[in-house]
Amino acid sequence: MNLISLLVIFLTLFELSCFSGALPFVITTWMFTNATQAAWDAMNIRSGNALDAVEEGCLVCEREQCDTTVGYGGSPDETGETTLDAMIFDGDSMDMGAVGDLRKIKSAISVARHVLEYTQHSLLVGESATNFAKSMGFKEENLSTNVSIAMWSDWKNNNCQPNFWKNVKPDPLKNCGPYTPDRYSGRKKSMLLNNVGFSNHDTIGMIAIDINKKIAAGTSTNGAKNKIPGRVGDGPIPGSGAYADSAVGAAVETGDGDIMMRFSAASTIVEMMRHGITPKSAATKLIGRIASYYPNFSGAVIAVNKNGDFHAACHGFPFFPFSFASNETSGVRVLKIKCH
């Protein structure tokens with residue numbers, strides 16, 4: 001490792017130590033600085049709480065189509081349709097609202113907030129989620145754009161590769177070449193085949209702690225590109241995409257959701273912290289456990305305890321950037337951590 005790399009790691013660790021314990025704050029996966037700023041403003045300038053912050057921050061990413069992995073106009077499924085997943089979690093009440101495979105409604109995180117506030121359910125999916133949203137006054141809109149249509153066309157022109165099928169050769173579109181019998185074709189899994197990377201990382205995950213130490217967490221995503229229709233990822237699944245308990249802390253994840261959701265990453269991290277494990281150790285242990293089964297997966301987690309200490313861990317990327325705002329920062333700071 002050269003001197004510059006060591007210096008970058010040292011500065012990152014220094015920044016993490018400087019900002020840890022600074023309450024209130026907002027922390028967000030990736031370099032979604034506008035979303036983080038909007039969340040911070042909602043909580044501190046407009047006197048909102050942590051739930052308001054998470055909703056407003058994720059709304060900004062949905063409107064801005066962050067990296068085409070959040071909101072409308074990205075990640076079309078096999079039929080060319082963009083669908084959305086979102087979740088918002090209240091760490092005070094341990095109540096939540098989520099939507100999966102949401103169709104034709106742009107503001108997925110706000111629909112999730114309505115599930116939280118107007119129903120006794122936790123998760124609504126598919127066309128029924130759309131009907132619920134319409135009953136709540138949300139406008140039905142086309143989620144496709146020229147960009148998403150071009151993504152789909154490029155995929156079809158590549159004989160519908162890569163895909164998420166294994167051990168079968170279906171041809172659901174009738175105009176595609178044969179599917180690869182197995183998604184990995186007998187080769188090692190890689191970032192390319194997993195189709196997860198800096199341009200397709202699947203999710204915004206956000207944690208907010210307000211002045212009253214209420215913790216909220218949330219996610220929003222348009223899912224995996226070229227997914228099989230009906231697929232719901234880790235984002236709206238409690239304990240997977242996000243989890244919050246104001247008595248302990250919170251965690252969010254991003255990356256290959258089909259793999260990460262099998263480990264209930266967010267709630268596992270929170271439970272580790274409940275038993276006294278630091279955010280750094282909890283996040284690192286969890287990522288290590290996933291990697292022991294899937295050594296080539298790509299993903300990251302952020303862990304936060306109720307005192308405002310936080311850390312991130314990642315695998316499969318060179319480094320993982322995340323955004324942070326508090327009274328100690330001048331605007332939003334982007335922090336980076338080296339991945340294993």
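Seven residues of helix H9 are buried, namely Ala 265, Ala 266, Ser 267, Ile 269, Val 270, Met 272 and Met 273. Buried here means under 20% relative accessible area, with exposed being over 50% and partly exposed in between (1.4 Å probe, protein chains only). Helices (H or I, at least four residues) and strands (E, at least two) are DSSP runs, numbered from the N terminus. H9 covers residues 265-274, and because seven of its ten residues are buried, the helix is largely enclosed by the rest of the structure. The cover over those buried residues includes strand S7 (242-245), strand S8 (249-255), helix H8 (257-260), helix H10 (279-293) and strand S9 (299-305). After H9 comes Gly 276, with a positive phi near 95°.

A word on what you're looking at: this is a predicted model, where local features need pLDDT of at least 70, side-chain atom pairs count only at pLDDT 80 or more, and totals for chains, interfaces and linings use all residues. Residues are numbered from 1 along each chain as its sequence is written, and side-chain values use heavy atoms, with hydrogens and water left out.

As for confidence, pLDDT is the predictor's own score for each residue, from 0 to 100. The chain averages 88, and 84% of the residues score at least 70. A contact means heavy atoms within 4.5 Å.

Zooming out, the chain holds ten helices and twelve strands, and buried residues make up 58% of its 340 residues. Among contacts between residues at least 6 apart in sequence, 63% join residues at least 24 apart.

Now for the sheet. Eight strands form an open sheet with mixed pairing, in the order S4-S3-S2-S6-S5-S1-S11-S12. Its edges are strand S4 (123-125) and strand S12 (333-338), each pairing on one side only. Neighbouring strands are turned by 15° against each other on average, direction ignored. Two strands count as paired if DSSP finds at least two bridges between them. S2 and strand S3 (residues 95-102) run antiparallel and are joined by six bridges, and Leu 84 stands opposite Leu 102 in S3.

Two helices sit against these strands. H3 packs on the sheet, touching S2, strand S5 (204-209) and strand S6 (215-221), and its direction makes about 15° with that of S6. Helix H4 (residues 108-118) lies across S2, S3, S4 and S6, running at about 135° to S3. For these angles, axes are lines fitted to C-alpha atoms, for helices over the stretch in contact, and angles run from 0 to 180 degrees between N-to-C directions.

| Residue | Phi | Relative accessibility |
|---|---|---|
| Ser 47 | near 55° | 67%, exposed |
| Asp 67 | about 50° | 42%, partly exposed |

Ser 47 is in the loop between helix H2 (33-44) and helix H3 (50-64), while Asp 67 lies in the loop between H3 and strand S2 (84-90). There's also a cis peptide bond, from Gln 161 to Pro 162, with omega near 0°. Pro 162 is found in the loop between helix H6 (146-157) and helix H7 (191-194).
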